Structures are given as C-alpha cells and as structure tokens.
Amino acid sequence: MEKFLRIIGWVGVVVGLSGVLPGIFLLRGSMIEFGVINLLLGGLVLYQGALLDELRHIRRGIARMAVQAERSEEMER
C-alpha cells in the first residue's frame with residue numbers, strides 16, 4: 001500500500017510539472033492550473049504516505065511498551 005501511494009504521488013508530481021512548465025512558456029492558464037492541481041495532489045499523497053509510515057512506527061512502539069509493561073508486571077508477581 002505504501003509503495004502504491006509513493007508511485008501515485010510521484011506520478012502526480014511529474015504530471016503536474018509537465019503541465020506547469022510548458023504552460024508557463026506558452027502562457028496557457030488552463031495548463032498551469034491543471035499542472036498546479038496535479039502537483040499539489042501528488043505532494044499531498046506523498047505527505048500522507050509519509051504520515052502513514054510514521055504512524056505505523058508509533059503504533060509498533062506503543063505495542064512494544066505494552067508488552068514490556070506486561071512482562072514487568074509478571075516479573076513482580
């Protein structure tokens with residue numbers, strides 16, 4: 001899933017840039033708007049993928065802390 005999100009994000013960035021750069025040189029507002037929207041959406045997808053990865057690491061850390069707390073409780077008994 002994470003790899004899929006990264007691919008979609010980078011495709012959005014590349015498509016966005018391919019719309020913005022020619023649009024600037026040709027002075028086509030619609031191309032620039034299309035490119036900027038794709039660029040922003042691609043960046044948003046990449047950012048969400050990074051957040052998803054960070055949340056996964058946080059969840060693993062919390063699970064490890066819970067297991068350690070249970071083990072320390074068992075050791076005290």
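This is a predicted model: local features need pLDDT of at least 70, side-chain atom pairs count only at pLDDT 80 or more; totals for chains, interfaces and linings use all residues.
Residues are numbered from 1 along each chain as its sequence is written, and side-chain values use heavy atoms, with hydrogens and water left out.

Let me start with helix H1, which covers residues 2-26; helices here are DSSP runs of H or I with at least four residues, numbered from the N terminus. H1 has 25 residues and reaches 36 Å from its first C-alpha to its last, close to the 36 Å expected at 1.5 Å a residue, where the expected span is 1.5 Å times one less than the number of residues. After H1 comes leucine 27, whose phi is positive, near 55°.

The other helix is H2, residues 29-76, and with its 48 residues H2 reaches 70 Å from first C-alpha to last, which is again close to the expected value of 70 Å.

How do the two helices lie relative to each other? Their axes, which are lines fitted to C-alpha atoms over the stretch in contact, with angles from 0 to 180 degrees between N-to-C directions, come within 7 Å and cross at roughly 155°. H1 is therefore roughly antiparallel to H2, a label used for angles over 145 degrees. The residues of this contact divide into 18 nonpolar, ten polar and four charged; nonpolar means Ala, Val, Leu, Ile, Met, Phe, Trp, Tyr, Cys and Pro, charged means Asp, Glu, Lys and Arg, and the others, Gly among them, count as polar.

Now, which residues of H1 are buried? Taking buried as under 20% relative accessible area, exposed as over 50% and partly exposed as in between, with a 1.4 Å probe and protein chains only, the buried residues of H1 are Glu2, Leu5, Gly9, Gly12, Val13, Gly16, Gly19, Val20 and Gly23, and they pack against H2. On the H2 side, the buried residues are Gly35, Asn38, Gly42 and Gly49, and what covers them includes H1.

Leaving aside residues up to four places away in sequence, asparagine 38 touches Gly12, Val13, Val15 and Gly16, where contact means heavy atoms within 4.5 Å. Asparagine 38 and valine 20 are 18 residues apart in sequence, and their C-alpha atoms are 9.4 Å apart in space.

Leucine 40 also lies in H2, but at 60% relative accessibility leucine 40 counts as exposed, and its C-alpha is separated by 11 Å from that of valine 15, 25 residues away along the chain. Finally, isoleucine 8 is found in H1 and, at 36% relative accessibility, counts as partly exposed.

Definitions and conventions: Helices (H or I, at least four residues) and strands (E, at least two) are DSSP runs, numbered from the N terminus. Angles under 35 degrees count as roughly parallel, over 145 as roughly antiparallel, 65 to 115 as roughly perpendicular and the rest as oblique.
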